[in-house]
Structure formats: C-alpha cells, structure tokens
Amino acid sequence: MPTRSELLDAYALPDRARPRIRVNFITSADGAVTLGGRSGPLGGATDRTLVQVLRTMADVVLVGAGTVRAEGYGGLRVADEDARWRRAHGLADPPALAVVSGTLDLDPHDAVFADAVRRPVVLTTQAAAAARGRLFADVADVVVGGASTVDLPAVVSLLASRGWTQTLCEGGPTLFGAMLDAGLVDEVCLTVAPRFVGGDATRIVRAAAEADREFGVAGILHDDDGFLFVRYRRPS
C-alpha cells in the first residue's frame with residue numbers, strides 16, 4: 001500500500017517555476033466517472049490520500065461549478081502534516097480554490113464559500129459578473145475571464161498573475177474537456193477503481209472535440225485494494 005511519503009515522491013513536481021496544469025480524476029474500470037451521481041463512492045483509502053497529496057503540492061485547486069454542486073465542496077483544508085510540508089516549501093496553507101462558473105449559478109451561502117479557509121476566486125464571464133457578481137462580494141473574488149464565455153487560457157494567465165503557477169484541476173468532465181480542447185492540460189493523474197459500474201455514467205471527458213491527444217505514461221502505482229494510479233504526461 002503506497003504511503004503518503006511514497007505518493008509525495010511519486011507525484012513530485014520537477015519544478016514550480018513553469019506553469020503546469022494537473023488534472024485529477026477517478027474512474028471505474030469500465031469508464032464510469034461517478035457512482036450514484038458522485039465520484040467519491042468510487043474511491044478508496046489510497047485515492048483519498050492521493051487527493052490530499054496533490055492538493056498539498058498545488059498553488060490553486062481549479063474546479064467547475066457543476067462539480068462543486070454535485071460533490072458538495074466545502075472549504076479546502078489540509079492536515080497538519082500537509083500544512084507543515086507546504087510551509088517547508090514556501091507555500092501558503094491551504095491552497096487557494098478557484099471555481100469556474102460561466103453563469104455564476106452558485107449560492108453565496110454554499111459551504112464552498114461559508115466554510116472557506118481562504119477567500120475563493122470565482123472565474124466567470126463579464127455578463128454574469130454584471131448580473132450576479134455583487135451577490136458574492138462578501139464571500140469571494142469574482143474575476144472576469146471572458147465576455148460571454150469563460151476563456152480558459154485567460155483564466156490560466158489570471159491564476160499565474162496571482163503567483164499560482166501549479167494548478168490542480170479536479171474537474172468535472174466538462175471543464176476537463178474544454179481544457180483539453182484548449183491544449184492546457186500538462187498531466188493527468190488517473191485513479192482506476194476495481195469496479196464495473198455500468199449504467200449511463202459519463203466518462204472523465206465530456207463534450208471535447210474528438211482528437212488523438214497523445215500523452216505518455218509517467219508513472220504507475222497500485223495498492224492492496226486493487227486500485228491503479230496512473231500518471232499521464234503530455235510530451236514536451
């Protein structure tokens with residue numbers, strides 16, 4: 001069973017100077033991204049540890065509004081040992097949270113805002129900010145990242161302008177698809193759960209244009225419960 005220390009070594013970043021986007025997903029062996037409408041039930045102990053390890057290494061966690069609602073995101077917190085790791089590497093604790101929402105279809109009283117340890121950033125459109133941005137003035141920084149649609153390359157630049165070069169994207173599938181289309185994904189951290197779900201659950205990528213996007217395998221681990229942990233890296 002991989003330990004936290006072994007996961008930190010296996011997923012270590014080669015440097016923090018170059019902006020990098022990692023995407024983290026879990027899928028069943030037959031490709032389902034959810035079980036009962038959520039990704040959490042697919043996971044196991046090692047996967048939950050890996051989520052915290054990847055967050056520990058990140059400057060900012062980027063997530064789509066749909067995933068915030070579906071998964072019930074609250075405030076991002078890291079354990080004491082992870083906070084110590086971050087401080088030892090010159091990082092604030094916890095990582096920042098940035099939510100992509102083209103329509104600002106969120107409730108400012110949601111746990112993602114009410115339980116926040118650091119003030120979240122909401123990346124949205126000019127139209128949505130004008131219509132609803134004032135509702136979030138007390139709980140988040142509303143940042144315009146496009147006129148009528150969210151411009152993801154502009155979003156990446158906006159995050160980097162805050163000194164957040166290491167981005168961990170936790171989905172969902174629509175955001176991942178849009179980031180693939182924009183050529184922004186550097187690395188995919190994929191957990192494959194030893195489960196066959198069936199049904200009509202979606203894949204980890206939704207609505208992306210069909211294309212042959214070649215990634216190389218950067219590492220493979222497994223645990224005693226049958227989970228596989230694969231790192232895919234885009235060729236330089």
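This is a predicted model: local features need pLDDT of at least 70, side-chain atom pairs count only at pLDDT 80 or more; totals for chains, interfaces and linings use all residues.
**R4 and E81.** I checked this pair and found a salt bridge between the two side chains, at 3.7 Å from N to O. R4 sits in helix α1 (residues 4-10) and E81 in helix α4 (residues 80-88), so I noted a link between distant parts of the chain, 77 residues apart. I then looked up the cover on E81, which is partly exposed at 41% relative accessibility.

**D186 and R234.** Next I took D186, which forms a salt bridge with R234; their closest N and O atoms are 3.0 Å apart. D186 is in the loop between α8 (173-181) and β7 (187-193), while R234 is in the segment after β9 (228-233), so the pair ties together parts 48 residues apart in sequence. D186 counts as buried at 11% relative accessibility, whereas R234 is partly exposed at 31%.

**E187 and R233.** I found a salt bridge here too, with the closest N and O atoms 3.6 Å apart. Because E187 lies in strand β7 and R233 in strand β9, the pair ties together parts 46 residues apart in sequence. E187 is buried, with 3% relative accessibility; R233 is partly exposed, with 36%. I followed the shared partners and found R22, E187, R231 and R233 joined in one network of salt bridges.

**Nonpolar patch.** Last, I looked at the surface, where V217, I220 and L228 form a nonpolar patch with about 280 Å² of accessible area together. I220 is in strand β8 (residues 216-222). I logged I220 as exposed because its relative accessible area is 56%, and the cut-off for exposed is over 50%.

Terms used:
Residues are numbered from 1 along each chain as its sequence is written. Side-chain values use heavy atoms; hydrogens and water are left out. Patches are made of residues with over 30% relative accessible area and no salt bridge: like charges are joined within 9 Å, nonpolar side chains (Val, Leu, Ile, Met, Phe, Trp, Tyr) within 5 Å. Accessible areas come from the Shrake-Rupley method with a 1.4 Å probe; for residues, only the protein chains shown count as cover. A salt bridge is a side-chain nitrogen of Lys or Arg within 4 Å of a carboxyl oxygen of Asp or Glu. Helices (H or I, at least four residues) and strands (E, at least two) are DSSP runs, numbered from the N terminus. Buried means under 20% relative accessible area, exposed over 50%, partly exposed in between (1.4 Å probe, protein chains only).
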